[in-house]
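User: Hello! I am new to this structure and would like to get to know it step by step. Could you walk me through it?

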Amino acid sequence: TADFAYGVFQRGLYLTTLAVAMPLAEEGDKAAQTLVGVLHETGLGIAQDKTKAAEWYQLAAAAGDMGAAYRLGQMYLTGDGVTADKKRAADLFEKAAEAGNPAAMYNLAILFQSGEGRPYNEAEANRLLQQAAELEDVEAQYALGLQFLEGNETVRDPIRGANWLGRAARRGHLSAQVYYGILRFQGRGVEPDEKEAADWFERAAIAGNPVGMNRLARIYAFGRGREINPVEATAWHYVARAVGLSDLQLDGYVGSLDKETVEKAMKRAEELSASLLPKQQDPAAASP
């Protein structure tokens, strides 16, 4: 059965998965068709072929498998294995969203926000983002927070925005951690708390986020939320700069320090870089 095939897949036995799932897929089992599509899309147990993956997802989606509809929508969104078609992507996301898929709700909301594949509609985007966020989709929680903070007047609500960014931050979303830290620092939509802001910047920095590194450097340089610590300030500035985030004000700050402090900071920066290197190599971890 398809359930057995999925069990084999979860154990990492991809060739066996293909052997079990392919006959079922050819007989019209939509779950097996989706699984065969996944194997083709990822290149697990079979040569990667995204065109074939899309064909299998199309069969499964037509038979009512909303997981396949979502994955096919992603392919139409990016033009991966098919010709890019954002309207087609939106149609597929809509079907999957109606079936309760939060990731599809999120993607459809973003298309409404951009006016691509669907007419621009901030209110509809907000409705979909709230649905997905309540279903614990962390990207939707982050996007909803941003919309409440930066959207047009019909949806703007800084308190709700801060609340949703806080929820995404607590789920480990790095960009949300940085933004929520800024809100805490400024007291925007939430009570000001510079110490908590510093904690959020530190979490994001340790996880490899360059903006978090830069904010933490400033915290240590100017004593807002942490005691002034020139070594830590300079070290985090060096690490942030090494991954592409410059700060002329901190360059000037470092230039005012004595040689001994700078040497200590350089050593500390080397230690930080060594511990952060695997995280910096992960593009998702380094996104500001």
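Predicted model: local features only at pLDDT ≥ 70, side-chain atom pairs only at ≥ 80, totals over all residues.

User: Is glutamine 177 buried or exposed?

Analyst: The cut-off for buried is under 20% relative accessible area. Glutamine 177 has a relative accessibility of 6%, so this residue counts as buried.

User: Which residues does glutamine 177 touch, not counting those up to four places away in sequence?

Analyst: Here, a contact means heavy atoms within 4.5 Å. With residues up to four places away in sequence left out, glutamine 177 touches Ala169, Gly172, Trp200, Arg203 and Ala204.

User: Let's step back to the whole chain. How many helices and strands does the protein have?

Analyst: The C-alpha trace of the protein spans about 75 × 45 × 30 Å along its principal axes. Of the protein's 288 residues, 46% count as buried. As for the elements, the protein has zero strands, and its helices number 17.

User: What share of the contacts with a separation of 6 or more is between residues 24 or more positions apart?

Analyst: This share concerns contacts in the protein with a separation of 6 or more. Within that group, residues 24 or more positions apart account for 48%.

User: Which residues of helix 7 meet helix 5?

Analyst: Helix 5 passes helix 7 in a left-handed crossing. The contact residues divide into five nonpolar, two polar and no charged. From helix 5 come Tyr70, Gln74 and Leu77, and they meet, in helix 7, Ala103, Ala104, Asn107 and Leu111.

User: And how does helix 6 lie to helix 7, oblique or roughly parallel?

Analyst: The axes of helix 6 and helix 7 come within 8 Å and cross at roughly 140 degrees. Angles over 145 would count as roughly antiparallel, and 65 to 115 as roughly perpendicular. The crossing therefore falls among the rest, which makes helix 6, relative to helix 7, oblique.

User: How many charged residues does the contact of helix 6 with helix 7 have?

Analyst: The crossing of these two helices is left-handed. Helix 6 brings Lys86, Ala90, Phe93, Glu94, Ala96 and Ala97, while helix 7 brings Ala104, Met105, Asn107, Leu108 and Leu111. By class, the contact has eight nonpolar residues, one polar, and, for the charged ones, two.

User: Speaking of charge, how many salt bridges does the count come to?

Analyst: Side chains of opposite charge can pair when their charged atoms come close. The rule asks for a side-chain nitrogen of Lys or Arg within 4 Å of a carboxyl oxygen of Asp or Glu. By this rule, the number of salt bridges is 19.

User: Where in the chain is the lysine that pairs with aspartate 80?

Analyst: Aspartate 80 and lysine 50 meet in a salt bridge, at 2.8 Å from N to O. The pair links distant parts of the chain, 30 residues apart, with aspartate 80 in the loop between helix 5 and helix 6. Aspartate 80 is partly exposed at 30%, and lysine 50 is partly exposed at 25%. The place of lysine 50 is helix 4.

User: Which residues are linked with Lys87 in a network of salt bridges?

Analyst: Lysine 87 forms a salt bridge with aspartate 91, with their closest N and O atoms 3.4 Å apart. Both lie in helix 6, four residues apart, about one turn of the helix. The network links Lys87 with Asp91, Glu94 and Arg118.

User: One last stop: where is the place of glutamate 136?

Analyst: Glutamate 136 has a positive phi, near 70 degrees, in a residue other than glycine. At 38% relative accessibility, glutamate 136 counts as partly exposed. Its place is in the loop between helix 8 and helix 9.

How values were computed: Residues numbered from 1 in each chain as written. Heavy atoms only, no water. Buried < 20%, exposed > 50% of the residue type's maximum accessible area, 1.4 Å probe, protein only. Left-handed = near helix turned anticlockwise from the far one by under 90°. Nonpolar A, V, L, I, M, F, W, Y, C, P; charged D, E, K, R; others polar. Axes fitted to C-alpha atoms, helices over the stretch in contact; angles between N-to-C directions. Parallel < 35°, antiparallel > 145°, perpendicular 65-115°, else oblique.
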